[in-house]
Amino acid sequence: MSSEKLAKHRQQLRNIVVMAFADGSLGQREVNLVADRCSELGLDEYDLKKAIEFGLGDDAAVELPSQPDERAELLRDLIRMMAADGRLDESEKRLFALAAAMMSMSAADVDQIIDSTLK
């Protein structure tokens, strides 16, 4: 994997972890989703440990990708994480809405991403 792709995958994992911690707790389903996504991204235990450290840090924040396809993938991952514990917490909704707004995603695009992800 190229260093650029590795950096993007690590950023994606950090973003998922930030959403996982957004509601103030980390349940077993969320842990499993983070671990599975880590593996899908081709990352290892070290990357997972660093992502969790980032998510627990005072400077934890979603890092927005620049490419449209990466932005849609980020929103899909955030939606999956929000839904993992079966509850949509207000802090998760705000984080998702802020990320979508900061990426200038239209309401129609966001709705389409939500619909396709939750099917």
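Modeller: A search of the whole structure finds 13 salt bridges, a salt bridge being a side-chain nitrogen of Lys or Arg within 4 Å of a carboxyl oxygen of Asp or Glu. This is a predicted model, where local features need pLDDT of at least 70, side-chain atom pairs count only at pLDDT 80 or more, and totals for chains, interfaces and linings use all residues. Residues are numbered from 1 along each chain as its sequence is written, and side-chain values use heavy atoms, with hydrogens and water left out.

Biologist: What does Glu4 form a salt bridge with?

Modeller: With Lys8; the closest N and O atoms are 3.4 Å apart. Both residues lie in helix H1 (residues 3-21), four residues apart, about one turn of the helix. Helices here are DSSP runs of H or I with at least four residues, strands are runs of E with at least two, and both are numbered from the N terminus.

Biologist: Is Glu4 buried or exposed?

Modeller: Glu4 is exposed, at a relative accessible area of 52%. Lys8 is partly exposed, at 30%. Buried means under 20% relative accessible area, exposed over 50%, and partly exposed in between, using a 1.4 Å probe and protein chains only.

Biologist: And Asp85, what is its partner?

Modeller: Asp85 forms a salt bridge with Arg87, and their closest N and O atoms are 3.5 Å apart. Asp85 is buried, with a relative accessible area of 16%, while Arg87 is partly exposed at 49%.

Biologist: Which residue pairs with Lys93?

Modeller: Glu90, with 3.2 Å between the closest N and O atoms.

Biologist: Which residues are linked in a network of salt bridges?

Modeller: Arg37, Glu40, Glu73, Asp77 and Arg80. In general, side chains of opposite charge can pair when their charged atoms come close.

Biologist: Changing topic. At what angle do H1 and H3 pack?

Modeller: About 45°, with the axes of H1 and helix H3 (residues 45-56) 8 Å apart. H1 is therefore oblique to H3. Axes are lines fitted to C-alpha atoms, for helices over the stretch in contact, and angles run from 0 to 180 degrees between N-to-C directions. Angles under 35 degrees count as roughly parallel, over 145 as roughly antiparallel, 65 to 115 as roughly perpendicular and the rest as oblique.

Biologist: Is the crossing of H1 and H3 left-handed or right-handed?

Modeller: The crossing of H1 and H3 is right-handed. That term applies if the near helix is turned clockwise from the far one by less than a right angle, and left-handed if anticlockwise. On the H1 side, the contact residues are Arg10, Leu13, Arg14, Val17, Val18 and Phe21; on the H3 side they are Asp47, Leu48, Ala51, Ile52, Phe54, Gly55 and Leu56. Contact means heavy atoms within 4.5 Å.

Biologist: What about the classes in the contact of H1 with H3?

Modeller: Nine residues are nonpolar, one is polar and three are charged. Ala, Val, Leu, Ile, Met, Phe, Trp, Tyr, Cys and Pro count as nonpolar, Asp, Glu, Lys and Arg as charged, and the others, Gly among them, as polar.

Biologist: How do H4 and H6 cross?

Modeller: Helix H4 (residues 68-84) and helix H6 (residues 107-118) cross at roughly 55°, and their axes come within 10 Å. H4 is therefore oblique to H6. The crossing of H4 and H6 is right-handed. H4 contributes Ala72, Leu75, Arg76, Ile79, Arg80 and Ala83 to the contact, and H6 contributes Val110, Ile113, Ile114, Thr117 and Leu118. By class, the contact of H4 with H6 has eight nonpolar residues, one polar and two charged.

Biologist: Back to H1. What does Met19 touch?

Modeller: Leaving out residues up to four places away in sequence, Met19 touches Leu78, Met81, Met82, Glu92, Leu95 and Phe96. Met19 lies in helix H1 and is buried, with a relative accessible area of 0%.

Biologist: And Gln11, buried or exposed?

Modeller: Gln11 counts as buried, at 19% relative accessibility. Beyond its neighbours within four places in sequence, Gln11 is in contact with Glu63 and Leu64.

Biologist: Last one. What is phi of Ser104?

Modeller: Near 55°, a positive value in a residue other than glycine. Most residues other than glycine have a negative phi. Ser104 is in the loop between H5 and H6 and counts as exposed, at 65% relative accessibility.
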